[in-house]
Each structure stands twice: as C-alpha cells, then as structure tokens.
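Hi everyone, thanks for coming along. I'd like to walk you through one model today, so please have a look at the screen.

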Amino acid sequence: MPSVVIVGAQWGDEGKGKIIDYLAGESNMVVRAQGGNNAGHTVIVGDKKYTFHLLPSGVLYRDKLNIIGNGVAFDPEGFLGEVEKLEGNGFSADNIRIDERAHVIFPYHKQIDALEEESRGEEKIGTTQKGIGPCYMDKIQRSGIRVGDLIDPELLWERLKLQVSKKNEILEKIYNTKGYNLESLYQQYREHGQKIKRFVTDTTKLTHEALEADEKVLFEGAQGTLLDLDLGTYPYVTSSHPTAGGFSVGAGIGPNKIEEILGIVKAYTTRVGLGPFPTELQDETGEAIRQKGKEFGTTTGRARRCGWLDLVMLKYTARVNGLTAISLMLLDVLSGFEDIKICVGYEIEGEETTDFPASLKRLGKAKPLYKTFPGWSADLSNITDFQDLPKEAKAYMAFIEKYLDIPVKIVSIGPGRDQTIVREEIYRK
Ligand code: IMP
C-alpha cells in the first residue's frame, strides 16, 4: 500500500506541482481529490513549461493512470481545453479517468462567483472566479449536477431544467441580470458530456485496486491547508478540504490507506487574495522575494503577497495534517539576503503565544516574533548534494526541522526537475 499524500502546508502556491511531478515519475497512479481548476501547477521539463489547472500532474508520463476523484469540482470546459493543449503538445489523454460522482461546474456557477465577490465589496474573498464556491454550494445543498448526470442526456436535461430555472431566478431577482437559455446551455453541456464520456468511471474502485495491488499511489493536493474550509483562515478560504483528511473523502479511500503525508513548505510565505498574514512584508524585502521567486499567480496572474517563514502557522498545519515529512521549496530565492527571519511566536494584545489563533480578529492583531538567521550569498541552483549547500542554509533548515520535529526530506533549489535534492526517499518501499 505505498501511498503518499501531498499537501500544501501554507496558503497554496508552495510549489506542489514540481514535487508531484517528481514523485509521479515513481508512481503508478496520480489522484486529485479536491478543488478544481482554481489550482495552478507549473511543471518545467527541459526548457518547456507546462501549466495544469484541473489535470493531475502525472499526465506528462504516458504510463501513469491519472484520476480526477469524486471530491473535485469538475469544469468540463476547462478540462476539454487542457486536454486539447496536452494533446497538442504530443501527450496522450487516454490515461485520465474522472469519477462519476464529481460535481460539475456550469457557467452560472462562475457568474455567481463573480457577482457574489462584487457584492461583498471591501469584504471580498478574492476568489479565482472559477465557480468553485457556488458549485460546492449546490453539492452541499444536494442540488448539484454530477459527472454521471452530465454524460446521460436524459438525466442532464432533468437536472439542468430545474437548476437553470432556480439560477435564473437568483440572477434576475437578486443580481438584476440576465439568466440563461436552457436549451442552448443544455446543447452545449450535452456535447461536453459526450466528449468526456470516455474518461468517466468509478475511480474509487480503481484507486482501491491499485492500493490493494501494492502499486504506488500519489494523492495530489491543490491549494493549501490554510485555505481549507474548516481548518483554514475562514472565510478567506476555498470551499474544499486541501488537508490530509480531505483525501480520504475526496478520493473514496479509507484514511488507513495513507502511508506518508508530505507537507510542501515554501522557504518563506506567500498568499493570494485577502485576509490576515502576520509575517507579510510590505517593503522592499517583500518586493525582492516577489521578484526573485516570480510570485505571480499561475491561474490569475495576480501578484502574491510575500513574507518570512512562519513556524507558528506551520506547527498548526503540521498538526492538523499529521505531516510525516517536509519538502522545502524555493530555498534558492532566499540567497542574497543579509539576514533571514523566521517567525517563532506571535504577540497578540501584549501576550506572547505559539498557538495559531482560529479567530481572524486575533490573527489580524498578531505581531510576529522573529528569530534572525545569517543569510548566504551563494547561488544554490546548481547544487546537487545536500552537503554542498551553504552552512547558513543548512542551519536554517535544521532549525525548521527541530521546531516542527519533522524531517525535511526534499529540498528544492530551482524550478527544473534536476534542481531537487532528495535526502530520503518518500515512498517507503
Ligand atoms: P476559490 O477557490 O476560487 O473560491 O478562492 C478562494 C480563495 O482561495 C481565494 O483567496 C483564492 O485566491 C484562493 N485559492 C484558490 N485556489 C488557489 C491556489 O491554487 N493557490 C493559492 N490560492 C488559491
């Protein structure tokens, strides 16, 4: 049962795509279990850059099965567009499977996402406007349309008829805007359904069989722990569960089937969208990190907010995920700073704490307490052996490991596949 869950340990954009791609090379199956095309994974192979939003990152390998699990919010237009691009680049889409239980994103979900954001004004969440929240709302409300319905023209008509009439009422009466024409939306999505039919199956069975056969299964997280609907910085979160527990539900496997939980940690912190961020640097250091780390969103192109590493936050995310190992990303971006800081505590209303508050009001008041480390100037990007890293970089990592009591098994020092230092193999057998 060799299986690894990859979770983002911060606010997403930790560089999961690269590690997923690296581990996919060793895996038989790559599974996505939550989120949708709000995610953006960049994989660099040679001098070519590939970006995925909905497709599991194993699609670049011809011999892996790639699963879009039941917990995913599935956008047929996004999916078909990515498949076209993939095939255009000479890869095959034949090794992709979509679970029939996954919920479908329709245009009205995207429109309501945008309108809802607009109506929040200053309080907006900063969503990707891909319709994720409204799609999951329908799922929770038990009125959603699933992939299994999409590929069945009769069922699709029945379900869509009801949904379009409800959504049109909302669009017209609440948002004062035009609704959808049922007939043309139906034709369009019936066609999409027929195109994706060949990919659709009960993926929970495939995943179970792979685990039973001792194949290597990689569960690919999108977003990050602090964007988890329950455990993140609510309401500035996404509408799914990008935490270790979310994989069990979103892929339809027992929690006891997960062997290793690998937390992807950026060597500093970033966040897109709004909400409190205690170690944010709104100065030239923050700007230097943004430029060096190319911290601009893969999905939206937005500039990411940047700041120092926050171990109060990581201690919390390590705990709620049960992390068993860490992959430290973008360490090369920290080269060239005279001093590097790590947050080891917060001061909130005059009191010191190492607990990450659930209340955003308290988190908004948290002043970071830093430990300062000497920086290093060497360019790390061509180093292949851990021992050759500057001693200051090793001391920085040793401190993180000790504070969290979790081993850093992988260190990433650049975007390329070969810029990955593996200290210990992730698959245990
Ligand atoms: P939604 O997922 O589009 O509803 O957006 C909700 C929040 O999650 C917003 O703050 C987004 O910026 C954030 N978010 C969604 N997907 C990602 C991601 O892949 N990386 C980082 N942030 C994300």
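Let me begin with strand pairing: two strands pair if DSSP finds at least two bridges between them. Helices (H or I, at least four residues) and strands (E, at least two) are DSSP runs, numbered from the N terminus. With that in hand, S1 and strand S11 (residues 260-266) pair in the parallel sense over 5 bridges.

A word on where this comes from. This is a predicted model, in which local features need pLDDT of at least 70 and side-chain atom pairs count only at pLDDT 80 or more, while totals for chains, interfaces and linings use all residues. Residues are numbered from 1 along each chain as its sequence is written, and side-chain values use heavy atoms, with hydrogens and water left out.

Now, the sheet. How many strands form the open sheet, and in what order? There are 10 strands, running S9-S7-S5-S2-S10-S1-S11-S15-S19-S20, and the pairing is mixed. The edges are strand S9 (200-201) and strand S20 (420-422), each pairing on one side only.

Let's stay with S1 for a moment. On the S11 side, Val7 stands opposite Gly263. S1 (residues 3-8) is also joined to strand S10 (residues 217-220) by 4 bridges, and these two run parallel. Within that pair, Val4 stands opposite Leu218, and Ile6 stands opposite Glu220.

Is S1 buried or exposed? I'm using buried for under 20% relative accessible area, exposed for over 50%, and partly exposed in between, with a 1.4 Å probe and protein chains only. By that count, 6 of the 6 residues of S1 are buried. In a regular strand the side chains alternate between the two faces of the sheet. Here both faces are covered, with Ser3, Val5 and Val7 buried on one side and Val4, Ile6 and Gly8 on the other.

Moving along to S19 (residues 408-412): 5 of its 5 residues are buried, so S19 is largely enclosed by the rest of the structure. Strand S15 (residues 325-329) pairs with S19 in the parallel sense over 3 bridges, and S19 is joined to S20 by 3 bridges in an antiparallel arrangement.

On to the helices. Helix H1 (residues 16-24) has 8 of its 9 residues buried, so H1 is largely enclosed by the rest of the structure. Among the buried ones are Lys16, Lys18 and Asp21.

Two packed helices are described by the angle between their axes and the distance between the axes. The axes are lines fitted to C-alpha atoms, for helices over the stretch in contact, and angles run from 0 to 180 degrees between N-to-C directions. The axes of helix H2 (residues 76-88) and helix H7 (residues 182-196) come within 10 Å and cross at roughly 50 degrees. That makes H2 oblique to H7; angles under 35 degrees count as roughly parallel, over 145 as roughly antiparallel, 65 to 115 as roughly perpendicular and the rest as oblique.

Which residues make the contact? From H2 we have Pro76, Glu77, Phe79 and Leu80, and from H7 we have Gln188, Tyr189, His192, Lys195 and Ile196, where contact means heavy atoms within 4.5 Å. His192 counts as buried at 11% relative accessibility. Leaving aside residues up to four places away in sequence, His192 touches Pro76, Glu77 and Leu80.

The second pair is helix H11 (residues 311-321) with helix H13 (residues 391-404), packed at an angle of about 50 degrees with axes 10 Å apart. H11 and H13 are therefore oblique to each other. In that contact, Leu311, Val312, Leu314 and Lys315 of H11 meet Phe399, Ile400, Tyr403 and Leu404 of H13.

Last stop, some backbone details in the loops. The peptide bond from Tyr234 to Pro235 is cis, with omega near 10 degrees, and Pro235 lies in the loop between S10 and helix H9 (244-251). Asp13, in the loop between S1 and H1, has a positive phi of about 60 degrees although it is not a glycine. Asp13 is partly exposed, with a relative accessible area of 26%. Lys294 has a positive phi too, near 50 degrees, and is exposed, with a relative accessible area of 63%. You'll find Lys294 in the loop between helix H10 (284-292) and strand S13 (305-307).

That's the tour, so over to you for discussion!
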